[in-house]
Amino acid sequence: MSPLYGRLFMLIILASTWQGIAWFVNSSDFPSLFIVMESFIYHFFQGELLVNLSVTLTRVLISFTIAMILGVFIGIVMGTSKRINQLSDTLLIIALNIPALVTILLCYIWFGLVESAAILAVVINKIPTVVVMIREGARVVDNDLLNVAKVYKLSLSKTFFKVFLPQLYPYIMASARAGLSLIWKIVLVVELLGRSDGVGFALNTLFQFFDIAGILAYTFAFISIVLVIENLIFRPLDKLIARGVHHDSA
Amino acid sequence: MIALDIAIKNKYYANSTAVVLKDIQFSVKPGEFVAIIGPSGSGKTTLLNMLSGLEDATAQKLLGNSKSLHDCKEYQLGYVFQQPRLMPWLTVNENIQLVLPTAQERKIKTLLAQVGLADKGDYYPKQLSGGMQRRVAIARAFAVNPELILLDEPFNSLDAPTAAKLRLLLVNLCKSCGSTVVFVTHDLSEAIYLADRIIFMSNSPSSIIHQVNVNLPKPRKESGSTELAWQSQLMAQYPQILSGSVSTD
């Protein structure tokens, strides 16, 4: 079975299990796939689903980008400098363990119920986990290869982009993957608590009407988008990064 | 081409008081091929790293053309390490291009042809055998038109025919490039085959115990009769020389 068929097969099993349970339970609290699809089509053509999705995705994208750039930067600094690492290690552990909800509430209280406060809250939640992964990568960077760069007097930017950074790519990819799923979950909470648009806000509204099919329709929409991102962006990137690294010796 | 004038009083291991190198003094003429032989652990790699600027060499005298080796950024250095040290994420072409300041496709092509890898430019290092990777590392060292080239047991752990092929390759490249060469090895016959002069080092803390000019005509032969005769004469004179001693008992 090719990997694509394998994945489709798993999806079909998941869908039929769902459908089977729905028939068995036969309750409005556990809507069947058809009702969810109906709801999806309804919200889709109403228009507000697309709007909310795009609003949430924009927030995810912005906070993801900021968190990755800052996290990679801080991680590299902490991984390469022992002194800075010692100084900021405790800070990092504190940052890792502050509940997401606390940062969100504090950001809203301090900066008001504004867009920037929402983004900031997400970024603060995400940065520490990126830092932890990148720091590990930067710690085990191959000094022998850096010495090659030194001997051949490579410029600083060449050394960084062609010798240093490629060694971190697997770590960056791993934190990006983990990051995307974490961020979109946090974004929903942020929206639920203090925004008047986005998927999180919509879910809250649907919850108040006990519209379970609607909640599942939104979830379905979002997961489809994540799957598309995984297949169109992450998998090809994986392949790009793996070039040269996984070949067997001739 | 560069002339070296080296005087190292005391070189300690990093963060330690153990002496690696003691009273090392030698000079190298422009274009000369010098081989350094010593028992393992005698600090040969440390010496090369000091010449290349990877090891701290403050308070030591390392002169290239009468100027401090590490001050003049102008001269070109090629270094072939014990391991090929190619970037696994770059193709062979890109690995060589990496050390060149400008794009020089034709030059890379010629070099790869010289080392017998003309059709391997788009391969990644992991797709090549160990011997091929070393050839790429040698091509990379010569790509920068080095005035000084350092080689640290580059043919270690290769099978004999491959090593012989690479030695011949090195001879040819040196001939066409005219660089000054410092070549570290523990293989005497390899040194005799390649070098103009051999420097023997003692056990740690290492100092120079003997220097000898290899006054045999070039091109030489791997294990040719004159080369072997020369070697056995040296060994008869100093039977302990490869273990780091010139005592005659």
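In these legends, helices are DSSP runs of at least four residues, numbered from the N terminus.

View 1. The structure, which is a predicted model, holds two cavities of 30 Å³ or more. The largest cavity has a volume of about 50 Å³, while the second largest cavity contains about 30 Å³ of space.

**View 2. The lining of the largest cavity.** Around this cavity stand B:Ser189, B:Ile192 and B:Tyr193, together with B:Lys221, B:Glu222 and B:Ser223, and the lining also includes B:Glu227, B:Leu228 and B:Gln231. When the residues of this lining are sorted by class, three are nonpolar, three are polar and three are charged.

**View 3. Helices beside the largest cavity.** In chain B, helix 6, which spans 188-194, and helix 7, which spans 225-237, each supply at least two residues of the lining of the largest cavity.

**View 4. The lining of the second largest cavity.** The residues that line this cavity are A:Arg59 and A:Ser63, then A:Ala118, A:Ile119 and A:Val122, and finally A:Val187 and A:Val190. By class, five residues of this lining are nonpolar, whereas one is polar and one is charged.

**View 5. Helices beside the second largest cavity.** Three helices of chain A, namely helix 3 (48-80), helix 6 (115-139) and helix 8 (156-194), each supply at least two residues of the lining of the second largest cavity. Of the contributions to this lining, that of helix 6 of chain A is the greatest, with three residues.

Technical notes
Residues are numbered from 1 along each chain as its sequence is written. Chains are lettered from A and ligands numbered from 1 in the order in which they are written. This is a predicted model: local features need pLDDT of at least 70, side-chain atom pairs count only at pLDDT 80 or more; totals for chains, interfaces and linings use all residues. Side-chain values use heavy atoms; hydrogens and water are left out. On a 1 Å grid over the protein atoms alone, a cavity is a set of points where a 1.4 Å probe fits but cannot get out, and a pocket is an open set with protein on both sides within 12 Å along at least five of seven lines; lining residues have an atom within 4 Å of a point. Grid points are joined across faces, edges and corners, and a volume is the space filled by probe spheres set on the points. Ala, Val, Leu, Ile, Met, Phe, Trp, Tyr, Cys and Pro count as nonpolar, Asp, Glu, Lys and Arg as charged, and the others, Gly among them, as polar.
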